[in-house]
Amino acid sequence: MHFPKAGGLSFRHLRMWHAVSASLIVVAAVAFLILLPSDRVRSVPNSPCRPADSARNDTPVTPDLDGDGLVDLVYENADTENFDVVVVPGSEQGPDQDRTTVLTRHDLGVPDHIQTSDEPWQPTIADLDEDGHADLVVSAAASVLWGGPKGPQAGGPHGRVRLPGSGYHTAPVAGDFDGDGHTDLAVFRDSNEERELVVLKGPFKRSGAPARIVEIPSPVHEGATPVLVAGDANDDRATDLALYDSPWDPPLLFTGGARTAGGLSKDPERLPEGENVVFGDFDGDGRQDVAVGRSFVDSYDEEETPHRRGRVSVRYGTEPGKWVTMDGGDFKEGFGTGLAAGDLNGDGCDDLAVQLTKKKETGDARIEVLRGGSEHGLGSKPWRATERSVPGDDGPVDGTLFAVHDWDGDGHAEMALLGGDRWWITDGTDRDEVSFPVAPSTGQGS
């Protein structure tokens with residue numbers, strides 16, 4: 001989508017396969033996801049979503065930098081001259097824009113020569129040094145701002161994760177890929193000499209040194225810069241890793257906990273063709289499911305969209321060999337352009353927010369919520385549609401799907417939408433919980 005400038009911050013649509021500079025931010029869209037054990041299994045009276053016996057109930061760690069139990073809105077804003085991470089602290093009313101902090105390139109220790117992009121995306125948040133506080137990992141330099149009792153602070157200790165060689169375009173993603181209880185990082189490397197998937201084993205020292213580095217030959221074709229997203233597709237104690245969004249390769253799934261140096265399976269599984277992958281417990285059985293979206297809309301809008309509906313393919317944890325496919329929207333409407341999972345109605349099952357976008361280089365977008373908890377998981381109707389717009393230089397700019405979290409701590413997840421110069425935090429019934437401009441008004445860091 002095209003995002004007009006607001007308060008000096010420029011947001012433009014990602015051209016995923018245009019050039020290296022355009023692909024620098026791709027992984028960061030999902031980079032903060034990491035799965036850890038949790039004993040908080042929800043059970044809602046009279047809900048079809050009842051947790052079954054499970055090895056563990058994995059849920060994505062929410063971006064809570066200050067450790068107050070409330071989700072923070074955290075995103076990278078960058079272009080070739082500047083690099084900021086914006087933190088909007090959580091509150092019982094949702095993200096509190098009046099307490100916004102901006103961490104600058106200097107605060108984060110991002111070198112001036114590191115090329116960054118101009119899209120807002122979510123950085124990696126994980127406790128790398130196992131001190132009990134969330135750390136912030138940003139940019140292709142894998143700069144780390146170490147956490148503390150009040151979260152990572154401007155002027156606080158920072159460093160860089162020690163990556164082998166060069167050719168990195170985004171921050172790594174986090175997960176316990178070998179199931180040993182330590183947080184690892186994974187990142188894709190694309191240089192003239194080497195193209196590979198790099199796994200950095202935790203725990204990490206404050207110097208940025210991992211316990212071990214494992215380099216895996218690239219599983220995708222030359223020229224592809226895949227998105228990495230972490231989840232648990234087989235209900236064990238190790239994080240799995242999905243790679244997707246290559247025009248030449250189907251999404252791939254590496255199973256964690258394998259008897260390999262990096263903990264990931266030697267041969268990845270080929271998933272149904274699609275442009276994005278998410279994990280969520282859509283049938284409420286305590287196991288994570290996998291959803292793959294395919295809109296059929298060209299990444300550049302250079303090719304005519306075929307006369308067909310977009311689709312989402314889902315594999316439930318109880319039936320690992322079976323895929324269920326659902327069509328959505330009208331013909332050429334781009335159902336499946338974006339996906340995000342979360343329990344929007346508080347019934348104990350994750351719902352699936354699906355974005356529809358007719359043209360990826362224009363500002364048209366709406367989001368439909370597929371309710372979890374039907375007899376077969378996703379698919380409960382009526383689907384609830386959400387759309388937000390702001391005026392733009394070339395016409396209205398629609399809010400696009402950024403993330404789904406319980407932003408106000410009420411037990412119901414909300415969607416964060418970003419369009420033009422505005423954020424909307426909306427509930428599952430298309431009602432705004434809070435809305436505010438992108439440009440922060442107070443509390444900026446140095």
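1. Phenylalanine 402 and tryptophan 423 are both buried, where buried means under 20% relative accessible area, exposed over 50% and partly exposed in between, with a 1.4 Å probe and protein chains only. The model is a predicted one, in which local features need pLDDT of at least 70 and side-chain atom pairs count only at pLDDT 80 or more, while totals for chains, interfaces and linings use all residues. Residues are numbered from 1 along each chain as its sequence is written, and side-chain values use heavy atoms, with hydrogens and water left out.

2. On the aromatic residues, rings of Phe, Tyr and Trp (its six-membered ring) pair if their centres lie within 6.5 Å, and planes under 30 degrees apart count as stacked, over 60 as edge-to-face and the rest as tilted. By this rule the count comes to four aromatic pairs. The rings of phenylalanine 335 and tryptophan 383 have centres 5.8 Å apart and planes at 10 degrees, so this pair is stacked. Because phenylalanine 335 belongs to strand β24 (residues 335–342) and tryptophan 383 to strand β27 (residues 380–386), the pair ties together parts that are 48 residues apart in sequence; strands (E, at least two residues) and helices (H or I, at least four) are DSSP runs, numbered from the N terminus. Phenylalanine 335 is buried at a relative accessible area of 0%, and tryptophan 383 is buried at 18%.

3. Phenylalanine 402 and tryptophan 423 form an edge-to-face pair, with 4.9 Å centre to centre and 80 degrees between the planes. This pair links distant parts of the chain, 21 residues apart, with phenylalanine 402 in strand β30 (residues 400–405) and tryptophan 423 in strand β32 (residues 422–426). Together with Tyr75, Phe402 and Trp423 form one aromatic cluster.

4. Lysine 360, in the loop between β25 (351–356) and β26 (366–371), counts as buried because its relative accessibility is 6%. Its side chain makes a polar contact with the side chain of glutamate 275 at 2.7 Å, a polar contact being a pair of N or O atoms within 3.5 Å of which, within protein, one must be able to donate a hydrogen and the other to accept it, and residues adjacent in sequence count only if both atoms are side-chain atoms.

5. Four strands form an open antiparallel sheet in the order β20-β21-β22-β23, two strands being paired if DSSP finds at least two bridges between them. The edge strands, β20 (276–280) and β23 (324–328), each pair on one side only. Strand β22 (residues 310–315) and β23 pair over five bridges, and glycine 310 stands opposite glycine 328 in β23.
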